Amino acid sequence: MRKELPATGTDWDSLQAEMIEFGKGDADWRRARTAVYVFNAGEDVLRVAKEAYALYSSENALGPAAFPSLKRMEGEVLDMGLSLLNAPEGAVGNMTSGGTESILMAVKACRNQARAAGRDTAGGEILVPHSAHPAFDKAAWYLDLRVVRVPVSEALTADVPAMADAINERTLMLVGSAPCFPYGLIDPIGALSDLALERDVWLHVDACVGGYFTPFARMNGIPAPEFDFSIPGVRSISADLHKYGYTAKGASTIFHRSEEQREHHVFTFDGWPSGGMSTPTFAGTRPGGAIAAAWAVMHYLGVEGYCEKVRMVTDTREKLMREIRAIPGMRTFGEPQLGLFTYGSDELDPFAVWRQLAKRGWFTGLVTEPRAVHLMLSPAHAQVADDYLSDLREAVEAVRARGERAEGTKATYA
Ligand SMILES: Cc1ncc(COP(=O)(O)O)c(C=O)c1O
């Protein structure tokens with residue numbers, strides 16, 4: 001039966017209790033039992049994000065003249081992001097609602113710049129490694145373009161010679177991920193940059209997962225390759241604050257090497273009765289809370305805090321990878337250096353192992369090519385790594401004993 005708006009109101013205490021009850025069936029992320037969707041950097045960081053969000057939850061970044069507070073905080077968040085990503089003088093950015101919107105803006109800027117230069121963009125192509133996020137396909141769908149997915153190399157990263165072969169007169173954009181979502185691996189951005197410069201194609205780096213992680217990993221001495229504006233062919237970068245920036249949901253950044261590029265995603269209009277309106281991104285109203293939370297968490301953690309959180313994550317990933325490889329029959333894939341990795345087996349069905357772990361309360365991702373379990377780690381996982389490993393050893397034994405396969409389990413994010 002369809003729910004009706006109640007005829008009379010209910011007091012907040014009762015509503016709050018009811019809502020907490022709703023959440024009891026959710027994935028248990030507070031106890032670090034999930035390794036997807038939520039980035040848990042500890043109670044103190046969560047509190048800063050939540051309280052900062054609440055302080056500005058009614059303010060609207062559609063109106064910077066009305067809210068110079070938001071304009072200032074957004075500008076400072078963007079400046080901090082530009083510095084971390086080694087952006088040159090003149091580089092600019094915007095905050096968006098998430099990685100998907102940031103990618104949409106990059107693709108739109110690229111397409112519209114080509115149009116402004118007199119190119120016919122009908123049937124225009126975005127060339128991505130097969131491991132790139134579906135946000136590019138979504139952007140292409142909205143913008144009437146086409147994504148061409150190029151198989152990855154044996155190392156599970158972008159196959160640059162194959163991408164070079166796939167470039168043609170319709171190609172508008174090349175994409176590299178830093179890292180990609182399925183395997184947590186950084187594509188060879190330097191080689192993609194050489195190709196982009198040689199063929200005069202826009203290179204976008206999707207650093208939605210790594211943009212606020214890799215710079216600190218590098219500061220900690222992890223030999224992750226360069227992926228940012230220090231590489232000359234990189235024209236735009238998407239980097240999510242609501243992932244490893246540990247800020248509240250609804251916060252990402254899109255950066256451009258120059259203002260000229262960014263102008264192509266700004267929408268302006270004045271042919272209606274209320275006069276001129278200009279929006280820098282897809283959204284109209286933009287939540288002040290997401291900007292405030294980003295500003296507050298970045299200041300709360302600082303470089304020192306982020307480096308510490310990153311160290312917790314990379315130490316936990318190394319420990320998990322080492323211990324998983326030591327379980328007979330189990331293996332990991334590629335050489336991930338950040339906070340995300342996949343593992344599977346040549347003997348057992350990883351989806352069956354995943355299902356056994358799910359029965360023990362662990363909610364994590366899956367990968368289909370190859371069949372694998374996907375773990376995107378947070379600092380909070382440092383405390384539960386041993387519990388996970390002991391449940392995994394049991395899960396592996398159970399799957400081996402029963403020769404179990406999980407035909408029906410699909411890696412869906414729906
Ligand atoms: C590499 C990558 N790019 C883009 C996105 C899309 O981000 P969002 O879900 O914030 O729209 C994700 C999300 O996981 C991602 O992993």
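The conversation below takes up the model, its ligand, its cysteines and some individual residues.

Me: Before anything else, what kind of model is this?
Reply: This is a predicted model, in which local features need pLDDT of at least 70 and side-chain atom pairs count only at pLDDT 80 or more, while totals for chains, interfaces and linings use all residues. Residues are numbered from 1 along each chain as its sequence is written, and side-chain values use heavy atoms, with hydrogens and water left out.

Me: Let us start with the ligand. Which residues come nearest to it?
Reply: There are 13 residues around the ligand, and Gly-99, Thr-100, Asp-206, His-242 and Lys-243 come nearest. A residue counts as near if one of its heavy atoms lies within 4 Å of the molecule.

Me: Which helix gives the largest share of that shell?
Reply: Helix H4, residues 99-116, gives the largest share, with 3 residues. Helices (H or I, at least four residues) and strands (E, at least two) are DSSP runs, numbered from the N terminus.

Me: What lies 2.9 Å from an oxygen atom of the ligand?
Reply: A polar backbone atom of Gly-99 lies at that distance. An N or O atom in the side chain of His-242 is 2.8 Å from an oxygen atom of the ligand, and a polar side-chain atom of Asp-240 is 3.4 Å from an oxygen atom of the ligand.

Me: How much of the ligand's accessible area does the protein cover?
Reply: The ligand has 390 Å² of accessible area on its own, and the protein covers 84% of that. Such areas come from the Shrake-Rupley method with a 1.4 Å probe; for residues, only the protein chains shown count as cover.

Me: A change of topic: how many disulfides does a search of the whole structure find?
Reply: The search finds 0 disulfides, a disulfide being a pair of cysteine sulfur atoms within 2.5 Å. Cys-180 is in no disulfide, and the nearest cysteine sulfur, that of Cys-208, is 12 Å away.

Me: Is Cys-180 buried or exposed?
Reply: Cys-180 counts as buried because its relative accessibility is 1%. Cys-208 is buried as well, with a relative accessible area of 7%. Buried means under 20% relative accessible area, exposed over 50%, and partly exposed in between (1.4 Å probe, protein chains only).

Me: Now the backbone. What kind of peptide bond joins Ala-178 and Pro-179?
Reply: Ala-178 and Pro-179 are joined by a cis peptide bond, with omega about 0 degrees. Pro-179 is in the loop between strand S4 (171-177) and helix H7 (189-199). Glu-369 and Pro-370 are also joined by a cis peptide bond, with omega about 0 degrees. Pro-370 belongs to the loop between strand S12 (365-368) and strand S13 (371-376).

Me: And what is the phi of Asn-86?
Reply: The phi of Asn-86 is near 55 degrees, a positive value in a residue other than glycine. Most residues other than glycine have a negative phi, and most peptide bonds are trans. Asn-86 is in the loop between helix H3 (68-84) and strand S1 (92-96), and is partly exposed at 44% relative accessible area.

Me: What about Tyr-246?
Reply: Tyr-246 has a phi near 60 degrees, again a positive value in a residue other than glycine. The loop between strand S6 (234-240) and strand S7 (252-256) holds Tyr-246, which is buried, with a relative accessible area of 5%.

Me: One more pair: what joins the side chains of Asn-94 and Arg-262?
Reply: A polar contact of 2.6 Å joins them. A polar contact is a pair of N or O atoms within 3.5 Å; within protein, one must be able to donate a hydrogen and the other to accept it, and residues adjacent in sequence count only if both atoms are side-chain atoms. Asn-94 is found in strand S1 and is buried, with a relative accessible area of 6%.

Me: Finally, where is Thr-285?
Reply: Thr-285 lies in the loop between strand S9 (277-279) and helix H10 (288-325), and is exposed at 53% relative accessible area. Thr-285 and Ala-61 are 224 residues apart along the chain, while their C-alpha atoms are separated by 6.6 Å.
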